Amino acid sequence: MFNFLKKKIKQILTKVKKDITPELEILLLEAGVSLEVVDNLIKDIKGKDNVKKALKQSILSGLEAKKIKVKNKPFIVLITGINGTGKTTSLAKLAHRFLKKKKTVVVAASDTFRAAAIEQLSEHCKKLGIKMIKHNYGADPSAVAFDTIQYAKAKGIDIVMIDTSGRLHVDSGLMRELEKIKKVTKPDLSLLVIDSTTGNDAVEQAKAFSHLIDGFIISKADIDERGGAIISVSKVTGKPIYFIGKGQKYGDLEEFSPEKIIEALDL
Ligand SMILES: Nc1nc2c(ncn2[C@@H]2O[C@H](COP(=O)(O)OP(=O)(O)OP(=O)(O)O)[C@@H](O)[C@H]2O)c(=O)[nH]1
Ligand SMILES: [Mg+2]
């Protein structure tokens with residue numbers, strides 16, 4: 001994570017040149033930090049004696065972390081995002097985390113849209129030893145989620161997790177579907193999964209979904225050298241990052257920590 005940015009920042013910061021901000025600006029853009037965030041960062045460091053410290057403070061001021069607090073029973077978690085970002089994998093990782101905390105979990109197979117989505121989720125649930133509620137493909141995702149919540153209430157299960165189909169934010173049909181699921185299930189926590197390797201587009205996704213979510217899971221940080229998405233999404237939306245996905249195993253989901261990001265950047 002951040003190897004590219006870390007190495008380059010170091011190179012630039014060690015230069016004795018007077019104004020290194022133009023170089024930093026280009027570097028941050030190359031790293032996939034969104035244009036408006038780069039503008040902000042540059043404004044914060046311009047003219048500062050200690051550029052490293054100013055950059056660190058400016059990055060930190062845009063990073064917001066939050067931990068899950070399970071309040072209600074069942075506690076309903078909705079996972080959303082565009083195609084292939086890692087929703088289903090992140091859901092399974094998060095379920096694993098709840099199980100480790102001795103919570104009981106049931107999963108709604110509300111991706112009734114993509115071929116093999118139900119089977120994929122079912123495999124995860126088998127491995128994790130948790131129940132999945134499903135309907136047929138083409139069924140109303142809200143109805144699946146509703147049934148899952150009824151099941152959780154009847155059985156006294158702590159957590160309901162809802163897997164949804166990948167949607168393009170420009171696709172208003174799927175966006176309406178998400179709005180309907182939210183209206184029917186009233187989730188306690190709606191998380192948008194963003195693939196960190198998508199760079200600048202991550203910010204567009206974050207903005208498009210912002211009104212429907214509480215925060216983010218940033219997936220695939222293990223294969224992202226640049227890290228621009230992580231630096232940008234909270235700053236532009238004001239919503240926190242809950243977790244970072246760092247691999248394919250269930251244990252590869254870390255609670256987000258701004259300090260760790262600063263450490264990874266060696267600032
Ligand atoms: N390296 C790495 N791969 C990941 C991570 N999270 C998910 N993946 C991989 O990304 C691919 C897509 O993951 P899914 O969980 O199926 O994504 P999805 O968003 O549910 O996909 P759709 O339901 O088709 O929209 C899979 O091959 C996952 O193994 C991660 O943190 N790191
Ligand atoms: Mg999926």
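Reader: Which domains does the domain assignment give for the protein?

Author: This is a predicted model, in which local features need pLDDT of at least 70, side-chain atom pairs count only at pLDDT 80 or more, and totals for chains, interfaces and linings use all residues. Residues are numbered from 1 along each chain as its sequence is written, chains are lettered from A and ligands numbered from 1 in the order in which they are written, and side-chain values use heavy atoms, with hydrogens and water left out. Domain bounds come from an automatic or database domain assignment. For this protein the assignment gives domain 1 (3-62) and domain 2 (75-256).

Reader: How many residues does the contact take from domain 1 and from domain 2?

Author: The centres of domain 1 and domain 2, taken over C-alpha atoms, are separated by 33 Å. Contact means heavy atoms within 4.5 Å. On that criterion, domain 1 contributes 16 residues and domain 2 contributes 14 residues.

Reader: Is S58 buried or exposed?

Author: S58 has its place in helix α4 (residues 51-62), helices being DSSP runs of H or I with at least four residues and strands runs of E with at least two, numbered from the N terminus. Leaving aside neighbours within four places in sequence, S58 is in contact with N40, L41, D44 and K235. Buried means under 20% relative accessible area, exposed over 50% and partly exposed in between, with a 1.4 Å probe and protein chains only. Because its relative accessible area is 4%, S58 is buried.

Reader: Which backbone oxygen does the side chain of T164 reach?

Author: T164 is found in the loop between β4 (159-163) and α8 (172-185), and it counts as buried because its relative accessibility is 0%. Not counting residues up to four places away in sequence, T164 touches L78, I79, T80, K87, S110, D111 and I181. At 2.7 Å, its side chain reaches the backbone oxygen of I79.

Reader: Which helix gives the most to the shell around ligand 1?

Author: The shell divides into no nonpolar, eleven polar and seven charged residues. Of the 18 residues around ligand 1, K87, T88, T89, R114 and Q248 come nearest. With four residues, the helix that gives the most is α5 (residues 87-100).

Reader: What percentage of the accessible area of ligand 1 does the protein cover?

Author: An oxygen atom of ligand 1 is 2.6 Å from an N or O atom in the side chain of R114, while a polar side-chain atom of D222 lies 2.8 Å from a nitrogen atom of ligand 1. Of the 650 Å² of accessible area that ligand 1 has on its own (Shrake-Rupley method, 1.4 Å probe), the protein covers 82%.

Notes:
A residue is near a molecule or strand if one of its heavy atoms lies within 4 Å of it. A polar contact is a pair of N or O atoms within 3.5 Å; within protein, one must be able to donate a hydrogen and the other to accept it, and residues adjacent in sequence count only if both atoms are side-chain atoms. Ala, Val, Leu, Ile, Met, Phe, Trp, Tyr, Cys and Pro count as nonpolar, Asp, Glu, Lys and Arg as charged, and the others, Gly among them, as polar.
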